[in-house]
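This report looks at the nonpolar core of the structure shown below, and then at some backbone features in its loops.

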Amino acid sequence: SSQPPTEKDNVHIPENIPTFTVGNFKEGQSVNQPYLSIAIQASAPRGVNRAEYKLDGSPLDTITIPPFGLEKSIAGTSPGYHELSIRVCDDIDNCSEQKFNFNFLSSGQKKLNN
């Protein structure tokens with residue numbers, strides 16, 4: 001049997017959590033195209049390793065190449081409100097997350113808001 005670790009974790013600390021901004025996607029916006037185009041600016045003290053995108057809790061894509069934005073078809077998605085979550089992580093899984101609700105409009109729907 002082995003002894004529990006006695007060292008302090010000095011890499012999974014709040015100061016190492018990545019930060020990011022989403023430049024072209026806003027809470028509550030309407031999407032009237034069958035794809036998502038998301039631009040983010042991300043940074044982290046240890047460097048950004050990946051951006052994970054989920055649609056309604058299901059994995060949509062993981063981007064590992066800077067600048068970590070997303071270009072993805074959502075053509076099979078039903079019209080209505082959906083949740084997009086974006087999670088940015090470094091190499092040791094220090095992560096931060098943002099969630100956005102958006103209204104996906106089918107081709108025959110009228111745009112209700114921006």
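## Nonpolar core

The largest nonpolar core comprises 21 residues, and Leu36, Ile38 and Tyr53 have the most contacts inside it. Such a core is a set of buried Ala, Val, Leu, Ile, Met, Phe, Trp, Tyr and Cys residues joined through side-chain atoms within 4.5 Å. Two or more residues come from each of strand 1 (19-22), strand 3 (35-38), strand 5 (50-55), strand 6 (58-63), strand 8 (80-89) and strand 9 (95-104), where strands are DSSP runs of E with at least two residues, numbered from the N terminus.

Apart from its neighbours within four places in sequence, Ile38 is in contact with Val22, Asn24, Phe25, Tyr53, Gly69, Leu70, Leu84 and Ile86, contact being defined as heavy atoms within 4.5 Å.

## Basis of the values

This is a predicted model, in which local features need pLDDT of at least 70 and side-chain atom pairs count only at pLDDT 80 or more, while totals for chains, interfaces and linings use all residues. Residues are numbered from 1 along each chain as its sequence is written, and side-chain values use heavy atoms, with hydrogens and water left out.

## Backbone features in the loops

Phe68, found in the loop between strand 6 and strand 7, has a positive phi of about 70° although it is not a glycine.

Asp56, in the loop between strand 5 and strand 6, is not a glycine either, yet has a positive phi of about 55°. With 44% relative accessibility, Asp56 counts as partly exposed, a class that lies between buried and exposed (over 50%).

Definitions and conventions: Buried means under 20% relative accessible area, exposed over 50%, partly exposed in between (1.4 Å probe, protein chains only). Helices (H or I, at least four residues) and strands (E, at least two) are DSSP runs, numbered from the N terminus.
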